[in-house]
Structures are given as structure tokens and as C-alpha cells.
Amino acid sequence: MTDTFITLFQGNPAVIGTEEGGCDRSPHKTTADHMAWWVTQMQQHLNGGPQAGVYPMVQTPDGFVVHWGCIDVDEGEEASLIHASNIVTVLRKFGVTGWIERSRSKGYHVWVFAQDWVPAQLMRHALLAAAQIAQAPTREINPKQSTLADGAVGNYVRLPYPGDNPGADERRRMVVDHTLDEFVTAAHASAVGAPTLEPLAALYKAPQLVTAKSFGSGSVSRAKSARRRMSGLAWHMYTNGCGRQDDRSEWLWAFSRELTKCDLSLSEAQEFLYEAHDQHAPKWDHRADRGRPQLDRMLAKASGAVS
């Protein structure tokens, strides 16, 4: 079972995500030595050693590929399970099996496994499409990118079934209704090929950003009309700005992420982001012709529009 588990969750063998949120890198230099090191980390994960996370994206001469995809639904216990179940239903309609795991917090993961390496963009677009059809949140879909900059490793996902699982009593970190052996056997048998993912991926519709425009003083009153649909944190960030003047870009990114969690239209979220930038962080890029497109890209990335 261990070998099959490792085959299912193949990823970048030069890095492992830690339980604490860090990244452990292989001390070796060759691909073979990386792989031996990575397999050891995976075995330890299953056998009660340090818990591991896998970075899905691997670069090949033809582009970035992945062996699995994962949607992280974190909307509270009840809502997350409903969203995850709806996503699995959509996937099944396209011949794709999704596996629901209770994550370590009050949320769920939906995993999809490939028979072999498939393009990262194909897997990402297929999962985005499934979430869109199911009307589920699309903020945490792995792989989170289709390409990576030189030297970057992307994001990792913590693996289920850690050997020393503090959440086992609540059946967290486990696939719903499946022991490790049951899950591994069934997931391996139901893994899909790229041709199965393609019809679903073709249905993905990237959100359309409105053209950046200048908002006048009247925009404040228009923004207040959407206030009731903002979270308390988003409103606090909008009205108070960043605490440290040297932390503007990080604050703008955090604010963008928070806006995507609110019940706002894309144009409303843009309006809040533009105004907050102009009021609290104009020096980040004071030229509207350059600053606004940067903000558009930031909001698109936070909402999952950038693939």
C-alpha cells in the first residue's frame, strides 16, 4: 500500500512541505537521490514520522505537469462538505472520480488523481470548471499555477493519513468513509488520463475583469452600498489601511484575498481595492496607468482567475 500511496501523490521530489508550513529541501544534487530522499519522507509520513506535504508541479521539456489536483474548500464544516459533495457530483458526470478528505481544520479537500503526468494547466482548468459548475468557491485550487518562475516550487498540500494522526478520533486527515488501504486501492483504480479531463477543462471560464477606470469621490457612497456584504476584516482593512508603511504590497495582497471571500461582484471588489490603494498606499505605484493593472492582476490571482 505504501508504494501505491506514493505513486498517487507524486510531485516535486526535491522538496517536502512541513506540518508547520515550511519547506524542506533535499540535501542531494541528482534526480535519483532527490527521489530516494522524497520517498523516505513519504514513508515516514505514513509511519508516524514527520507529516509531509507534496508540491505537485514538476517541470519537463514540454512544460509543467502534475500527477494530482486538489480543491481546498474551507467555508466551515457544513458548507464545506456540501460544496465538496457537489464538486464530486460534477466530476462524476465527466467520468472523473473525486475523493473527499476531511482536512485538519473545519474544511475538506477534493482530490483527483491522474494515471500519469498531465499538464498542470489541464488539471487546474478541469478543477476550476468543476467548482464553477458546482457554484463552489475556487480560491484554493491546486495546482495554484500553470507555470512557475525559475527556481520556484509553488505551493504544497498536506497529505492525508499521517501515521501519527491527532485528528483520527474525528476522522480528520482521512478520506471520508475509507481506510487508508481502501482509499489507496480505489483511487489507484479510478485514476484518469488527460483525455478524460479535457472536456471538463474546456468548460472553464476565466472571470472577466472590467477595464480599470478612475473612481471619483462618489465612489465612497457607492462602496458603502456593498458594505453589508463585506466581512468585518475586509471593512477594517479598507478603512484603516496597512499598519507599516514598508508593507504595502503584502497588505494589498491580503486585502485582495479578503475581498474575494466577500459576497461582492468583481467590479465592486475592484472599486474597494482601487480606493484603498489610492487612500492608503499610493506610493506603491502612484501612476494609475500602471498601478491599476497591477491591482487587477493581484485581484485576479486572489480570485483564481489567473491560471
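Predicted model: local features only at pLDDT ≥ 70, side-chain atom pairs only at ≥ 80, totals over all residues.
**Entry 1: the second largest pocket**

I started with the second largest pocket, which holds about 410 Å³ of space. For the record, a pocket here is an open set of points on a 1 Å grid over the protein atoms alone, with protein on both sides within 12 Å along at least five of seven lines, and a cavity is a set where a 1.4 Å probe fits but cannot get out. Grid points are joined across faces, edges and corners, and a volume is the space filled by probe spheres set on the points.

Residues are numbered from 1 along each chain as its sequence is written, and side-chain values use heavy atoms, with hydrogens and water left out.

Back to the pocket: which residues lie nearest its centre? I found Asp 72, His 109, Tyr 156, Val 157 and Arg 158 there, out of 17 lining residues; a lining residue has an atom within 4 Å of a point. By class, the lining has 2 nonpolar, 7 polar and 8 charged residues. Nonpolar covers Ala, Val, Leu, Ile, Met, Phe, Trp, Tyr, Cys and Pro, charged covers Asp, Glu, Lys and Arg, and the others, Gly among them, are polar.

**Entry 2: the whole chain**

Next I zoomed out and found 11 helices and 10 strands in the chain. These are DSSP runs numbered from the N terminus, with helices being H or I of at least four residues and strands being E of at least two. Of the 307 residues, 49% count as buried (buried is under 20% relative accessible area, exposed over 50%, partly exposed in between, with a 1.4 Å probe and protein chains only).

I also looked at contacts, meaning heavy atoms within 4.5 Å. Among those between residues at least 6 apart in sequence, 71% join residues at least 24 apart.

**Entry 3: strand β6 and its partners**

Strand β7 (residues 108-119) pairs with β6 in the antiparallel sense over 4 bridges; two strands pair if DSSP finds at least two bridges between them. A hairpin through 5 residues joins β6 to β7.

β6 also pairs with β10, again antiparallel, over 2 bridges, and there Arg 102 stands opposite Met 174. Are the faces of β6 (residues 99-102) covered or open? Both are covered, with Trp 99 and Glu 101 buried on one side and Ile 100 and Arg 102 buried on the other.

**Entry 4: an open sheet**

I then traced an open, antiparallel sheet of 4 strands in the order β2-β1-β3-β9. β2 (23-25) and β9 (157-158) sit at the edges with a single partner strand each, so one side of each has no neighbour in the sheet. β1 (residues 15-18) and β2 pair antiparallel over 3 bridges, and Gly 17 stands opposite Cys 23 in β2.

Helix α2 (residues 31-46) lies across β1, β2 and β3 (52-54), at about 25° to β1. Such angles run from 0 to 180 degrees between N-to-C directions, with axes being lines fitted to C-alpha atoms, for helices over the stretch in contact.

A reminder to myself: most residues other than glycine have a negative phi, and most peptide bonds are trans.

I found a cis peptide bond from Asn 142 to Pro 143, with omega near 10°. Pro 143 is in the loop between β8 (141-142) and β9. Asn 142 and Pro 143 are also among the residues lining the largest cavity, whose volume is about 30 Å³. That lining splits into 4 nonpolar, 4 polar and 1 charged.

Gln 135 has a positive phi near 55° and lies in the loop between α4 (120-133) and β8. Arg 173 has one near 60°, in the loop between β9 and β10 (174-175). Which is buried and which exposed? Gln 135 counts as exposed because its relative accessibility is 69%, while Arg 173, at 5%, counts as buried.

**Entry 5: two helices crossing**

Last, I checked α8 (residues 232-240) and α10 (residues 266-280), whose axes come within 8 Å and cross at roughly 35°. Trp 235, Met 237, Tyr 238, Thr 239 and Asn 240 of α8 touch Phe 272, Glu 275, Ala 276 and His 280 of α10. This contact has 5 nonpolar, 3 polar and 1 charged residues.
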